[in-house]
Amino acid sequence: MEAHGEIGLRRTPLEPEHRELGAKIGMFAGWAMPIEYRGTLAEHEAVRERAGLFDLMHLGKVTVDGAGAFDVLQRTVTNDLRKVDVGGAQYNNVLNDRGGIVDDVIVYRLGEDRWYTVPNAANTNRVHRILLDQAAGADAEVVLHEDWCFLAVQGPNAPAIVGELFPEAGSLQYMHVTEAEFGGERLILSRSGYTGEVGFELFPPEDVVRDLWAALMQAGEPHGMEPIGLAARDTLRLEMGYPLHGQDISEERTPLEAGLSWAVSFDKGEFTGREALLAQKDQGIPARLWGLEMEGRLIPRPHYEVLDGEERVGETTSGTFSPTLRKGIALAYLSPRERFAAGNRVEVDVRGRRGEAVVTKPPFVDRSPK
């Protein structure tokens, strides 16, 4: 991947393809990436109804290999990797000593002592450094693969499209991973995604990514697949209530506040942030991340006040117009935690106008990636 133009700005090797398709290119986490092609609403609907092809080159790709790899990762992430067999994958958080979320990642097990994880773009170097520190003195090699790429095919037609190029896709279950071949090169193929739809994520070396993009576009044409930008990826993930690091989760919030306690295994042994989480459980968790479904025509955006009567009880972290529901939706931390439950009503201050909203436990839409 190139870095040129603005200092430190990185560019996907697929930028010529994106520009030829009419993409609007924008800056995201130090990368120049396609934000939209035909329009966010149209692209969102294409993924929900047919399929979409995403360039996600900006996300990190880190392998941890060796006899000590399991222990390194087990000390770093919140979930229990003993539950992950070879070929499996698991959602995890990486925490600081205060229990705040440094990043959320999926950890894949490629072999007995071969692991792979995908940090968010803005956190890649931080997660890489944390893993290197944890691996000091251990029989484990931590490698950041800057020459690996990342494509995703998401939507109900994804199995037919990906299966045309990779027969292994047909037997791959949700949150499972395998290795495949394209153009004489090995790549990682996983049955995962962040849209709420059936989908696959592919991690090829840069040498073959342009050919793979072209092959996927060709295979997807009879199935109505379209290229999809990051704007639609954001609306798709928000309809599912999937948190975005830097907005909905951060180092200032713990998994217990973010509704991610299901991804924390206290009985697995020590991991970074464990003591801070136990202390928070004992002292009382101050807030909880809820969904808000607007009842009128107002559309919430991040950092809008949430009110209960005249009392400020929270702030939106993400907010948008839901193309599926045709109304505004948001995520927001509400406190005190014990005060709110699904079905409660609050108000959101949308640029000086108050809109009524129903407290909701996401997902907002009836979808499943399984």
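Trainee: Where is H303 found?
Mentor: H303 sits in the loop between β16 (288–294) and β17 (305–308). Keep in mind that this is a predicted model.

Trainee: Okay, and is H303 buried or exposed?
Mentor: Exposed, because its relative accessibility is 60% and the cut-off for exposed is over 50%. H303 also has a positive phi of about 70 degrees, although it is not a glycine.

Trainee: What do most residues other than glycine have for phi?
Mentor: Most of them have a negative phi. R326 has a positive phi too, about 60 degrees, and is not a glycine. You'll find R326 in the loop between β18 (311–322) and β19.

Trainee: What about peptide bonds, which residues does a cis one join?
Mentor: S335 and P336, with omega at about 0 degrees. P336 is in the loop between β19 (327–334) and β20 (345–350). The bond from P362 to P363 is cis as well, with omega near 10 degrees, and P363 lies in the segment after β21 (353–360).

Trainee: Switching to charges: which residues gather in a patch of negative charge on the surface?
Mentor: D147, E181, E185 and D207. D147 is in the loop between β10 (141–144) and β11 (151–154), and it counts as partly exposed because its relative accessibility is 44%.

Trainee: Last one, the whole chain: how many helices and strands are there?
Mentor: Eight helices and 21 strands. Buried residues make up 59% of the 370 residues. The radius of gyration is 21 Å, which agrees with the value near 21 Å for a compact globule with 370 residues.

Methods. Residues numbered from 1 in each chain as written. Predicted model: local features only at pLDDT ≥ 70, side-chain atom pairs only at ≥ 80, totals over all residues. Heavy atoms only, no water. Patch = residues over 30% accessible without salt bridge, like charges linked within 9 Å, V, L, I, M, F, W, Y side chains within 5 Å. Areas by Shrake-Rupley, 256 points an atom, 1.4 Å probe, with all protein chains shown as cover. Salt bridge = Lys/Arg side-chain N within 4 Å of Asp/Glu carboxyl O. Lys, Arg positive; Asp, Glu negative; His and termini not counted. Charge placed at Lys NZ, Arg CZ, Asp CG, Glu CD. Helix = DSSP H or I, 4+ residues; strand = E, 2+ residues; numbered from the N terminus. Buried < 20%, exposed > 50% of the residue type's maximum accessible area, 1.4 Å probe, protein only. Rg over C-alpha atoms; globule rule 2.2 N^0.38 Å.
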